[in-house]
Amino acid sequence: MSKVEDFLTSVEESQIIDAIKTAEKNTSGEIRVHLEKSSTKAPLERAKEVFSFLNMNNTKDHNGVLFYVAVDDKQFAVLGDQGIDKVVANDFWNSIKDIVVNRFSQNNYALGLKEGILETGKKLKEYFPYQSDDDDELSNDISLG
Ligand code: CA
Ligand code: CA
């Protein structure tokens, strides 16, 4: 994999953005995807840095969720803000990660992200249902580092 931009085709990118939009119709939670080439840090540690770099803690209910991928390393982490983290079951993040990593192991990166995002939307509906006056607090675009 030479470039971060080549990790997903433009069709796959649109599918992922659509998945974010669909998920955010279930929940007030805000989902973002960040891709970068590589990191020397553990994926979850790096995801925490990216989370703060992208100002993802700036949501009213602290319910931002970051899907982080280091594309050359094929490393993935999912990280949620404290509003979510304190209400979901202990295995919540691992259950999302399992969905994504399972697809990654089959080289289905876009599908893994898509399924993980949709599942996050469904599960967050219980704790953070969609509000009719919802603001799109965090961009749905994929961010490239
Ligand atoms: Ca929203
Ligand atoms: Ca959003």
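## Salt bridges

The structure, a predicted model, holds 8 salt bridges. Side chains of opposite charge can pair when their charged atoms come close. One of these bridges joins glutamate 45 to lysine 48, with N to O at 3.7 Å. Both residues belong to helix α2 (residues 43–53), where they are 3 residues apart, about one turn of the helix. Glutamate 45 has a relative accessibility of 43% and therefore counts as partly exposed. Lysine 48 is also partly exposed, at 42%.

Another bridge pairs lysine 60 with aspartate 61, whose closest N and O atoms are 3.9 Å apart. Lysine 60 counts as exposed because its relative accessibility is 67%, whereas aspartate 61, at 33%, is partly exposed. Arginine 103 and glutamate 115 form a salt bridge in which the closest N and O atoms are 2.9 Å apart. Arginine 103 lies in helix α4 and glutamate 115 in helix α5, so this pair ties together parts that are 12 residues apart in sequence. The relative accessible area is 22% for arginine 103, which is partly exposed, and 27% for glutamate 115, which is likewise partly exposed. Salt bridges also link Glu36, Lys41, Arg46 and Glu49 in a network.

In soluble globular proteins, nonpolar side chains tend to be buried together. Here the largest nonpolar core has 31 residues, and the residues with the most contacts inside it are Ile16, Val33, Leu35, Phe67, Leu113 and Ile117. At least two residues of this core come from each of α1 (10–26), β1 (30–36), β2 (64–70), β3 (75–80), α4 (92–104) and α5 (109–124). Apart from this core lies another, of 11 residues, among them Val50, Phe51, Leu54 and Leu79.

Which residues does leucine 35 touch, leaving aside its neighbours within four places in sequence? Leucine 35 is in contact with Val4, Phe7, Leu8, Val69 and Val71, and also with Ile142, Ser143, Leu144 and Gly145.

## The β2–β3 hairpin

Strands β2 and β3 pair in the antiparallel sense over 6 bridges. Together they form a hairpin with 4 residues between them, and lysine 74 in the turn has a positive phi of about 55°. Across the pairing, tyrosine 68 stands opposite alanine 77 in β3. Strand β3 is mostly covered, with 5 of its 6 residues buried.

## Aromatic pairs

The structure holds 5 aromatic pairs. In the pair of phenylalanine 67 and phenylalanine 76, the ring centres are 5.8 Å apart and the planes stand at 45°, so the pair is tilted. Phenylalanine 67 is buried, with a relative accessibility of 0%. Phenylalanine 76 is buried too, at 4%.

Phenylalanine 76 also pairs with phenylalanine 104: the ring centres are 5.9 Å apart and the planes at 65°, so this pair is edge-to-face. The pair links distant parts of the chain, with phenylalanine 76 in strand β3 and phenylalanine 104 in helix α4, 28 residues apart. Is phenylalanine 104 buried or exposed? At 7% relative accessibility, phenylalanine 104 counts as buried, because the cut-off for buried is under 20% relative accessible area. Ring pairs join Phe7, Phe67, Phe76, Phe104 and Tyr109 into a cluster.

How values were computed. Residues are numbered from 1 along each chain as its sequence is written. Chains are lettered from A and ligands numbered from 1 in the order in which they are written. This is a predicted model: local features need pLDDT of at least 70, side-chain atom pairs count only at pLDDT 80 or more; totals for chains, interfaces and linings use all residues. Side-chain values use heavy atoms; hydrogens and water are left out. A nonpolar core is a set of buried Ala, Val, Leu, Ile, Met, Phe, Trp, Tyr and Cys residues joined through side-chain atoms within 4.5 Å. Buried means under 20% relative accessible area, exposed over 50%, partly exposed in between (1.4 Å probe, protein chains only). Contact means heavy atoms within 4.5 Å. Two strands pair if DSSP finds at least two bridges between them. A salt bridge is a side-chain nitrogen of Lys or Arg within 4 Å of a carboxyl oxygen of Asp or Glu. Rings of Phe, Tyr and Trp (its six-membered ring) pair if their centres lie within 6.5 Å; planes under 30 degrees apart count as stacked, over 60 as edge-to-face and the rest as tilted.
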